[in-house]
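Hello,

Here is the structure for the handover. My notes on the ligand surroundings and the recorded sites follow below.

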Amino acid sequence: MTKLSVNINKIATLRNSRGGDVPNVVQFAMDVQRFGAQGITIHPRPDERHIRYQDAYDLKPIITTEFNIEGNPIPKFIDLVLDTKPTQVTLVPDAEDAITSNAGWDTIKHKSFLQEVIKEFKNNGIRTSIFVDPDLHQIEGAKETGTDRIELYTEAYAHQYKIGNKNGIEPYMECAGLANTLQLGINAGHDLSLDNIQFFKENITGLLEVSIGHALVAESLYLGIENVVQMYLHKLR
Ligand SMILES: CC(=O)[C@@H](O)[C@H](O)COP(=O)(O)O
Ligand SMILES: NCC(=O)COP(=O)(O)O
């Protein structure tokens, strides 16, 4: 079975755009779990433009499923993760000014750094995952870091699928095959959506978890808008 971890960054983006507490990210996380999601993902960024570090502390007590915190392991992030002890930490090499995550780790170049931080998280009972491009050398490098899992960066797959090229799945299938052989757990994320998720799932053996945020929130707006407009019209009769 593949677990669905809902990334709630975009809920925090909406909240922050007005100040105040609407929508409430803690309530949203509770509801999403009640609706069946098997995990909650957050990706606090250093500028706290969406999820704030305080959100991680507020969410921790209400998460009854799996709590996944993603981010670049700068000292402030490492402290947050060690303090809140999520189920899983996903290390992402994103630049401070990146609009969103745009590359996986160079697991060969950063091997000793990754080994060091992964060891610290694992010593504290936190499962580790590292964000990687679908490249066989990077999967081999990931194994050397000691990580429990990899998260396949699916932006390229999503793009190829959107333009009608289903062959875009092939590098992911090869990497998943190697990861399974190396006994690395497989997660995936970035730009996964209702359109492309089923084909990905059907072709990736051993897919343990997907984290989905941007498309899931946009789809929720589209799929919910008719109902909400009708509710307003009803009140205005
Ligand atoms: C690692 C990854 O692909 C996601 O965490 C994604 O980067 C979401 O982050 P933003 O919501 O800041 O775009
Ligand atoms: N790890 C990927 C993630 O959490 C969500 O990415 P996206 O669905 O917002 O692109």
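**Notes on the binding region**

D191 touches T154, E155, A158, H214 and A215, leaving aside residues up to four places away in sequence; touching, or contact, is taken as C-beta atoms, placed from the backbone, within 7 Å. The model is predicted, so local features need pLDDT of at least 70 and side-chain atom pairs count only at pLDDT 80 or more, while totals for chains, interfaces and linings use all residues. Residues are numbered from 1 along each chain as its sequence is written, and chains are lettered from A and ligands numbered from 1 in the order in which they are written.

D191 sits in the loop between β7 (185-189) and α9 (197-203). Helices (H or I, at least four residues) and strands (E, at least two) are DSSP runs, numbered from the N terminus. D191 counts as partly exposed because 19 other C-beta atoms lie within 10 Å; 20 or more means buried, 12 or fewer exposed, and in between partly exposed, with C-beta atoms placed from the backbone.

N7 lies in strand β1 (residues 3-7). N7 is buried, with 26 other C-beta atoms within 10 Å. Its contacts, again without residues up to four places away in sequence, are T41, H43, S211, I212 and G213.

The unreviewed UniProt entry puts the feature "binding site" at N7, R18, D191, G213 and H214. These positions span 208 residues of sequence and are also spread in space, up to 25.7 Å between C-alpha atoms. UniProt positions follow the numbering used here, feature names are shortened, and annotations may be inferred rather than shown by experiment.

Around ligand 1 (C-beta atom, placed from the backbone, within 6 Å) are N7, N9, H43, R45, E70, V92, T100, S101, F131, G189, H190 and G213.

Regards

Key: Two residues are in contact if their C-beta atoms, placed from the backbone, lie within 7 Å.
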